[in-house]
Amino acid sequence: MARRALITGITGQDGSYLAEHLLGQGYEVWGLARGQANPRVSRTRKLLSDVRIVRGDLLDQGSLISAVERVQPDEVYNLGAISFVPMSWEQAELTAEVTGMGVLRMLEAIRVCSGVSRGGASGSPGQIRFYQASSSEMFGQVSETPQNERTAFHPRSPYGVAKAYGHFLTQNYRESYGMFAVSGILFNHESPRRGPEFVTRKVTLGVARIKLGLAGELRLGNLEARRDWGFAGDYVEAMHLMLQAGTPEDYVIGTGRMKSVRELVEAAFAAAGLDWEQYVVTDQTLHRPAEVDLLCADPKKARAQLGWEPKVSFDELVAMMVESDLRLLSDGDHPDHDSSWP
């Protein structure tokens, strides 16, 4: 009988790549969605015709219990979140409810449906395994570089704070109830399916618009911020590997190499045969209230214990995104919100 996975955030970038990966592994895949009328659900169905949709909401405990009871999953991947960091200042309470409290509600749904009590043993047969999508934004104002599983957290946004809450809660349920619950501390991971509001996609779409004569400039904030950028399709493989391990542990996932926003811009314009300095305008209003200057992963534990390695390089990723956006705009599609894919 095929193993069964339930994915929250199925309509997002990571949810789609994870679903594809699990389907390729022979899983029966279910995605949690707030309503069947959601246009993003219909887009997901076009891309992932073999994914089944179950109704549920990370704001509603009862709906999550019903979803888990219906699906009877072997594995639950909690990818659902208010994930755009700048928006977390504008909607701080909603970010806390979805990105933070949503983790608690899903863990409780699994605990209730599994009949788990305190003091159980993790990894017992038939136990639902839980993956929490933690974030490098939890490190925030970093205390050391690169960052590993023992690096202290100092989040610099409501999003980072909410993710830290969910991360510690996952550890707490693992230690208190013996649940097979793990967190993947993923550094920035991008793809052609990334929402246009994120800086990587904002850049590659901007380059494509300029190349096609649809725009004359690209306005950006802090060009000196440095990030560890990888390909989302590689990172979902790490999520799956974490739930196949013999014991539940948390892992940092990243490339171990930093690039600045300026280097991202240079690579994207170069992929289109353009000189970035002719088109990029810096805009102070686009800076974060509390900036995170640099993030860089130390993924040695994942490499040693999971055998995970990123496959797509930074330059390959940027070129892939620029080429995809050139095709998208050439076909007459003009994405301006986070439901632009597929």
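What share of the 342 residues in the protein is buried? Buried residues make up 55% of them, where buried means under 20% relative accessible area, exposed over 50% and partly exposed in between, with a 1.4 Å probe and protein chains only. The model is predicted, so local features need pLDDT of at least 70 and side-chain atom pairs count only at pLDDT 80 or more, whereas totals for chains, interfaces and linings use all residues. Residues are numbered from 1 along each chain as its sequence is written, and side-chain values use heavy atoms, with hydrogens and water left out.

**Overall composition**

- The protein has 11 helices and 13 strands; these are DSSP runs numbered from the N terminus, helices being H or I of at least four residues and strands E of at least two.
- Of the contacts with a separation of 6 or more, 79% are between residues 24 or more positions apart; contact means heavy atoms within 4.5 Å.

**The seven-stranded sheet**

- Seven strands form an open sheet with parallel pairing, in the order β3-β2-β1-β4-β5-β6-β11; two strands pair if DSSP finds at least two bridges between them.
- The edges are β3 (52–55) and β11 (251–253), and each has a single partner strand, so one side of each is left without a neighbour in the sheet.
- On average, and with direction ignored, neighbouring strands of this sheet are turned by 25 degrees against each other; axes are lines fitted to C-alpha atoms, for helices over the stretch in contact, and angles run from 0 to 180 degrees between N-to-C directions.
- Strand β2 (residues 28–33) runs parallel to β3 and is joined to it by four bridges; Leu 32 has Val 54 in β3 as its bridge partner.
- β1 and β4 also run parallel, joined by four bridges, and Thr 8 is partnered by Asn 78 in β4.
- Four bridges pair β4 with strand β5 (residues 129–135) in the parallel sense, and Tyr 77 has Tyr 131 in β5 as its bridge partner.
- β4 is covered on both faces, with Glu 75 and Tyr 77 buried on one side and Val 76 and Asn 78 buried on the other.

- Helix α3 (residues 61–71) lies across β1, β2 and β3 and runs at about 145 degrees to β3.

**The α5–α6 pair**

- Helix α5 (residues 92–114) packs against helix α6 (residues 158–177) at an angle of about 15 degrees, and their axes are 8 Å apart.
- The two helices, α5 and α6, are therefore roughly parallel; angles under 35 degrees count as roughly parallel, over 145 as roughly antiparallel, 65 to 115 as roughly perpendicular and the rest as oblique.
- Residues that meet in this contact include Leu 104 and Leu 107 in α5 and Leu 169 and Tyr 173 in α6.
- The contact of α5 with α6 comprises 13 nonpolar, five polar and three charged residues; Ala, Val, Leu, Ile, Met, Phe, Trp, Tyr, Cys and Pro count as nonpolar, Asp, Glu, Lys and Arg as charged, and the others, Gly among them, as polar.

**Backbone exceptions**

- Most residues other than glycine have a negative phi, and most peptide bonds are trans.
- Gln 72 is partly exposed, with a relative accessible area of 49%.
- Thr 145 and Pro 146 are joined by a cis peptide bond, with omega about 0 degrees; Pro 146 is placed in the loop between β5 and α6.
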